[in-house]
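Thanks for asking me to look this one over.

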Amino acid sequence: MTETSLSQPPDRGETRRGLHYPLGRWHPEPGDLHEVASGVFWLRMPMPFSLDHINLWILDGGDHWTLVDTAIPASSCKDVWRGVLAKLLAEKPVGRLISTHYHPDHLGLAGWLCRKTGAEFVMTRTEYLTARMLLGDRREEPPEAAMRFSEKAGYSRAQLDKMREDGWGRFASAISPLPDEYTRIADGDVLTIGARRWRVVVGSGHTPEHACLVDDAGTLMIAGDQVLPRITSNVSVHQTEPMANPLGDWLDSIERLRALPNDLLVLPAHGFPFHGLHERLSQLDADHRHKLDMLRRYLADRPRTAMQTFEILFGRQIDDREMGMAVGEAMAHLRWLEDAGLASRTVKRGAADLWQA
Ligand SMILES: [Zn+2]
């Protein structure tokens, strides 16, 4: 790519907790593209949240560009994209857009970008259908199933009233209208993009059918939220499937990902590119198993509600904005223990479930 201004990293790397960051804690400026490997460009998009950025990847497809993930439909993100597209399109068309999973920071601008560029939209089927399902679920008040789910987790009367007041269907305001058609990818598929062949490796637990891309030469992994270097991806039980065991899926996925080479350069959706996939997978696995262990001892003491386990799982106060995620995460750990036969619950109509080891 000739006409694009490329940010240049300083010549250094650093190592932390067994992970190696080849570029240190350097990242390209917003709107600049940095070529992390031949034909693979890093666009770091600022976002107006406490998670203040997302890493997007632009792949040189020879006669076209392939984009991986999009950021949210904020005007600041669209502005960055407009500048980047002007540079990209000066050279060749954007032919394809892949979203790794359905979360708004990965999918939020898919419709907008595809309409602007004519790109083919590519996703796994479960992720696409989940997005369509959430987009279609708009109503004044939360469904009874959602109210019951929160009540059983330990919401107070006031919290339940607030939930009713807040309404339902926020997903629709967090993403621009989806493309009405898509091309399905599935685990094991191979996409030829320019000089590289990328294998689709599906993980589960953070979302149901999250696509990672691993290049055939075994040197690069576009990891989305499936493997992050510093923060832990949220693993939640949701009200649509209260008996799901996403933490089981997540731990199984960690095992599956161990089959990948350890010396891949991992390109995560948040944080910095790193080497040390197996070390990171071991850390993630150990972290969850440690929490399960603490939770089990806590529940052996006396029965607790899901929300009472926050002090053990998170060790801090959870504010209202984090409440949904925290309940989902607590439920994921409790459901794992339940499926493993290590915890059980007492159900009482109109009250929170009580969990005991
Ligand atoms: Zn995500």
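How many cavities of 30 Å³ or more does the structure hold?

1. The structure, which is a predicted model, holds one cavity of 30 Å³ or more. The largest cavity contains about 60 Å³ of space. Its lining is made up of Phe-149, Lys-152, Ala-153, Pro-242, Met-331, Arg-345, Asp-353 and Trp-355. By class, that lining has five nonpolar residues, three charged ones and no polar ones.

2. **Helix H5 beside the cavity.** Helix H5 (residues 144-153) contributes the most to the lining of the largest cavity, with three residues. Within H5, the buried residues are Ala-146, Met-147, Phe-149, Ser-150, Glu-151 and Ala-153. They pack against helix H6 (157-166) and helix H11 (323-339). Just past the end of H5 you will find Gly-154, with a positive phi of about 120°.

3. Now for an open site. The volume of the second largest pocket is about 160 Å³. Its lining counts 13 residues, and those nearest the centre are His-53, Arg-230, His-270, Gly-271 and Phe-272. The lining of this pocket splits into five nonpolar, four polar and four charged residues.

4. **The zinc site.** Which protein atoms are the donors of the zinc ion? They are NE2 of His-101, ND1 of His-103, NE2 of His-206 and OD of Asp-225, at 2.1 to 2.3 Å from the ion. Along the chain, these donors follow the spacing H-x1-H-x102-H-x18-D. The angles among the four donor atoms run from 89 to 168°, and the site is irregular.

5. **Ser-253 in H8.** Helix H8 spans residues 246-257 and includes Ser-253. Ser-253 has a relative accessible area of 5%, so this residue is buried. Leaving aside residues up to four places away in sequence, Ser-253 touches Gly-203, Ser-204 and Gln-226.

6. **Helix H3.** Why is helix H3 (residues 110-117) described as largely enclosed by the rest of the structure? Six of the eight residues of H3 are buried, which is the reason for that description. The buried ones are Ala-110, Gly-111, Trp-112, Leu-113, Cys-114 and Thr-117. These residues pack against strand E6 (65-68), helix H1 (75-91), E7, H2 and strand E8 (120-124). After H3 comes Gly-118, with a positive phi near 75°.

How values were computed:
Residues numbered from 1 in each chain as written. Predicted model: local features only at pLDDT ≥ 70, side-chain atom pairs only at ≥ 80, totals over all residues. Heavy atoms only, no water. Helix = DSSP H or I, 4+ residues; strand = E, 2+ residues; numbered from the N terminus. Buried < 20%, exposed > 50% of the residue type's maximum accessible area, 1.4 Å probe, protein only. Contact = heavy atoms within 4.5 Å. 1 Å grid on protein atoms, 1.4 Å probe; cavity = no way out; pocket = protein on both sides within 12 Å on 5 of 7 lines; lining within 4 Å. Points joined across faces, edges and corners; volume = space filled by probe spheres on them. Nonpolar A, V, L, I, M, F, W, Y, C, P; charged D, E, K, R; others polar. Donors = N, O, S within 2.8 Å, 3.2 Å for Na, K, Ca; no water. Tetrahedral: all angles 85-135°; square planar, octahedral: opposite > 155°, others 65-115°.
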